[in-house]
Amino acid sequence: MTDTARIPDKPALEGLETKWGGVWETEGTYRFERDGATREHVYSIDTPPPTASGSLHIGHVFSFTHTDVVARFQRMRGKHVFYPMGWDDNGLPTERRVQNYYGVRCDPSLPYVPDFTPPHEGTEGKTIKPADQVPISRRNFIELCERLTAEDEQQFEALFRQLALSVDWTQTYRTIADEALFTSQLAFVKNVERGEAYQALAPTLWDITFRTAVAQAELEDREQPGHYHRVAFAKPDGGHIEIETSRPELIPACVALVAHPDDERYQPLFGTTVTTPLFGVEVPVVAHHLAQKDKGTGIAMICTFGDVTDVVWWRELDLPNRAIIGFDGRIIAEAPEAITSEAGREAYAKLAGKTAFSAKQAVVELLRESGDLLADPKAITHPVKFYEKGDRPLEIVSTRQWYIVNGARDAGLRDRLVQRGREIDWHPDFMRVRYENWVGGLSGDWLISRQRFFGVPIPVWYPIDADGNPVHDQPIIAPREMLPVDPSSTPAPGYDEAQRDQPGGFVGEHDIMDTWATSSLTPQLAAGWERDPELFDLLFPYSLRPQGQDIIRTWLFSTALRAELEHGVAPWTNAAISGFIVDPDRKKMSKSKGNVVTPAGLLDQHGADAVRYWAASSRLGTDAAFDPQNPTQVKIGRRLAIKVLNAAKFILTFDGAADAAVTVPVDRSMLAGLATVVEQATRALESYDHARALEVSETFFWTFCDDYLELVKERAYGEASPEQASAVAALKTALSVLLRLFAPVIPYAAEEAWSWSNEGSVHRAAWPAVEELAARGEAGVELLELASLALTGIRRAKTDAKASQKTPVASAVIAAPAAATALLASAEGDLRAVGRIGDLGFAEAEVLEVRDVVLEIPQEEASA
């Protein structure tokens, strides 16, 4: 029963977030109940761990709300919901933020300084040049990384709590914590043992700013201005071949010229040689199907290495490696051995030490002087590969790196990964194509090593031979009992620390794993793989992977890969893919574009329920426009939440029980309509269409408030009678159902209104079922619709007469088809009461209309 003392005089959204957030935490409302849980009754969510670097943006609110609606729905369906929160706190973004925030940079050669105080704090937005950053030891640097990420994570958690994410905060994990290190290193060790992880010296995409290798999944093409240079290569007969290149600075790294095998212009030259300009090196003319007959002159340089196509040509045509670009992006000092002439070595000496840009200018001038530049450079715009977080073009250098197989060179594995994708239910389904396209387009195995400092160490050492050289092809892999381990501070098994870096001793692997090598294991990490087998069996494979569409190629694919390699299954049964947030000009919001909206102010100004409503109004896979200057949907959501509170207060003041008999036809009609809404909303949420569930629930709610509640309130206010009890029972029953329908989207308002007449949380209440209403409703849902139309007609007549809605009506006629008038007759009492109608008649007509309305307008209204 309702305790009217619980109902505030003026219900408001303000204060609800603090009130209910504390209650939920104290009562453990969203805790995962492991005891008594069975696999069949568990719903597990592989939550995306946001990067704990900087601030959250509106896109996090958008996608995490989508996930939370699912979690709340499944919890109300009686499932034991496992909904953890992870923080992705290792990797390049964290290191860059620490460098900018504290004004430091890592120098592993420096000793550790206890109680180190950084030179700056909070310098984001200001410019601290790398040269001005204070070098510190690796250990000091990592301590600052851990300190700053912990602060960021506290802020992120506070915002997510304000947003009412129904996360079990006791299940939080960090990708740099010991559990994450153990999981990542153990999976890697198992990959090595099965031959799925290997080390190789190979061309590597390299970011010269971050000084690290970059994986294929982290690439993006950016249109950049450039120039084509038409250059002459000398033929043995004294003639020349013309090529066009955007990278003349790589002529000293040229190892061949290539044309398409069907190109008749160059078929006679295949198998012959030409000489490079300036450097005088003989290189072969070869054929390959990737050469483009219609690009430039149809024949191109193969250099080591200008782009990824050069790598393909180099590998497939078994060409020599004459790489000239170092890890710092500059031309290395030592010329390739193939350059033997004095003139060639002199020309190369003019390039040594220069950046690629400066070397290009120098080569162009040398070509002009030698007469080998056949035309003025032609301006072009072309795609150039960048690291997604970098601001300088990538170079390709030869490095020793660790890889994990991913199907690029293994057709069987590739086919299994495609099959696993087809075993997952995708929401929306078309997102599966993006996954399959990525798998089909892989060109190399997954490069997982990174030349950075803050991350999961690769658990490997190398023996050092008698001459002091590391023996890389005999790696010492850490045994399970040593994990987690840092090879840079722990000696290799069978050695002691005194043998580090000594002949006959060992050297630890300095590289760390790519952050995706840890994030790809979030299902295993959160579920206690190899740490808590009972829990893992309860949760894995997970029920849901929610995420953004932009990381299908990275996070989703890599997680599917690790699950296939380790377990031979798809890691989840469902994948829910959110769209992007775009600005009013339909441009994707990103920090680089400067159009990102941070959510804290939005939540403070409008409230979490309003912001959640905006997010839940957009379907999965659909981009949503957001204008921070005019957040229309957010305002509509706030209006809805306030209306829910006011409607609940109004209904709960009526005297009567919710379980009384519902006997009046219009009441039963309303409940029948609500039963249809429950059925539609439930089916939509089962299909991961939260927007549809919200739409049908909200549409009914406004009709319920504007029409039904107005229609029956006079009867509900009346003296005790079966008809009065029927109205009150129908109103309170509908309120209970509506609060549960809205609970996943506007949890604060729903919880507040629920608490006025119920014990316990609405978020632990049972999801409404059609069966609750079936026995009390009836199929004649059209009765309420007809009564609403009739009531609207009466109101319109008063409005047209410029009279108050309280003005009595002497007489009126409702005309409608015979079947409709028969139904309307059963609601005559309510229509007369709410419309203040004295004499109400019915007549037959093709469509429903209210006519012959005679108003009893008081003298003061008439004179006005």
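Biologist: Is C145 buried or exposed?
Modeller: C145 counts as buried, because its relative accessibility is 0%. Keep in mind that this is a predicted model.

Biologist: What about disulfides, how many are there?
Modeller: Searching the whole structure turns up 0 disulfides. C145 is in none. Its nearest cysteine sulfur belongs to C106, 8.2 Å away.

Biologist: And C254, which cysteine sulfur is closest to that one?
Modeller: The sulfur of C303 is closest, at 4.8 Å. That is too far for a bond, because a disulfide needs the two sulfur atoms within 2.5 Å.

Biologist: Is C254 buried or exposed?
Modeller: C254 has 2% relative accessibility, so C254 counts as buried.

Biologist: Zooming out, how much of the chain is buried?
Modeller: Of the 864 residues in the chain, 54% are buried.

Biologist: How many helices and strands?
Modeller: The chain has 26 helices and 30 strands.

Biologist: What does the C-alpha trace span?
Modeller: About 115 × 65 × 50 Å along the principal axes of the chain.

Biologist: Now contacts. What share links residues 24 or more positions apart?
Modeller: That share is 78%, counting contacts in the chain with a separation of 6 or more.

Definitions and conventions. Residues are numbered from 1 along each chain as its sequence is written. This is a predicted model: local features need pLDDT of at least 70, side-chain atom pairs count only at pLDDT 80 or more; totals for chains, interfaces and linings use all residues. Side-chain values use heavy atoms; hydrogens and water are left out. Helices (H or I, at least four residues) and strands (E, at least two) are DSSP runs, numbered from the N terminus. Buried means under 20% relative accessible area, exposed over 50%, partly exposed in between (1.4 Å probe, protein chains only). Contact means heavy atoms within 4.5 Å.
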